[in-house]
Amino acid sequence: MKQTGSLSAGPRIFSGTTIAVLAFFLLAGGWAIPFHFESQSILYKFGLEKAYLRSAKVIGITVALLVSFQIIFVARFAILERIFSRKILLFLHRTNGIAIIFLIVSHPLLIKASENFIPYTFAKKYVPEFLGIALLALLLAVSLTAVCKNVFKISYARWLLLHRLKVSLALAMMPSHILYVSETFQSGAPRHAALIIFTLNLLMITRIWVLRLRRHSAK
């Protein structure tokens, strides 16, 4: 028996498949960026070092897109809940969060592998890299505390508030890292695409906060 308010089986399968295909093409478009819009750092690398750096960039773009998907899964869009159900969206949110944990750890490791693990100096030009390190720590905190939330002796309401605050801070930091860490996103189509995604993220997280405030004011 179908869920109340959900679509019938045929439209749900068609709509769900269409959304999954669109999500895949969005990811594939992101994966193509380091190959078609090469930064100076890639142009001067060869062999394994080039492969490490390009892989790191692909993973970094993947993380940024998966974070956007995370927001979509919990933004309470009625049409998505009719297609997938809230239970499935929450399952996708948790599974996606686990994938993000592994990807955000491998991203900096591959970058440093491409540089023979030479440490950064405290120079102004490395500010985007240090923002990336802070963003890495924050996203790890978001993901790990979500996966292991039962370990922490706090109420669900307080945990959810802290979770959303950390996500909002991560979304505020992400543009400064991605747009300035290399030349790839400093101009042209990659920059425009990134700005569109950042704007949509801002609108979605604002929607989540507005819904929360409405629920609290209605009590």
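**Close-up views of a predicted helical model**

Arginine 76 is partly exposed, with a relative accessible area of 37%; partly exposed covers values between buried, under 20%, and exposed, over 50%, taken with a 1.4 Å probe and protein chains only. This is a predicted model in which local features need pLDDT of at least 70, side-chain atom pairs count only at pLDDT 80 or more, and totals for chains, interfaces and linings use all residues. Residues are numbered from 1 along each chain as its sequence is written, and side-chain values use heavy atoms, with hydrogens and water left out.

**View A. Arginine 76 lies in the loop between α3 and α4.** Its phi is near 60°, a positive value in a residue other than glycine. Helices are DSSP runs (H or I, at least four residues), numbered from the N terminus.

**View B. Asparagine 116 lies in the loop between α5 and α6.** Phi of asparagine 116 is near 55°, again a positive value in a residue other than glycine. Asparagine 116 is exposed, with a relative accessible area of 53%.

**View C. Helix α5 has 28 residues.** From first C-alpha to last, α5 reaches 41 Å, close to the 40 Å expected at 1.5 Å a residue; the expected span is 1.5 Å times one less than the number of residues. Buried residues of α5 include Leu89, His93, Asn96 and Gly97. The cover over the buried residues of α5 includes α3, α4 (78-84), α6 and α7.

**View D. Helix α5 (residues 86-113) packs with helix α6 (residues 127-147).** The angle is about 150° and the axes are 9 Å apart; axes are lines fitted to C-alpha atoms over the stretch in contact, and angles run from 0 to 180 degrees between N-to-C directions. That makes α5 roughly antiparallel to α6, a term for angles over 145 degrees. The contact (heavy atoms within 4.5 Å) includes Gly97, Ile98 and Ile100 of α5 and Leu136, Leu139 and Ser143 of α6. By class, this contact has 11 nonpolar, 2 polar and no charged residues. Nonpolar means Ala, Val, Leu, Ile, Met, Phe, Trp, Tyr, Cys and Pro; charged means Asp, Glu, Lys and Arg; the others, Gly among them, are polar.

**View E. Helix α3 (residues 47-74) packs with helix α7 (residues 156-180).** Their angle is about 160°, with axes 12 Å apart. The two helices, α3 and α7, are therefore roughly antiparallel to each other. Ala64, Val67 and Ile71 in α3 meet Leu171, Met174 and Ile178 in α7. The contact of α3 with α7 has 6 nonpolar, no polar and no charged residues.

Definitions and conventions. Parallel < 35°, antiparallel > 145°, perpendicular 65-115°, else oblique.
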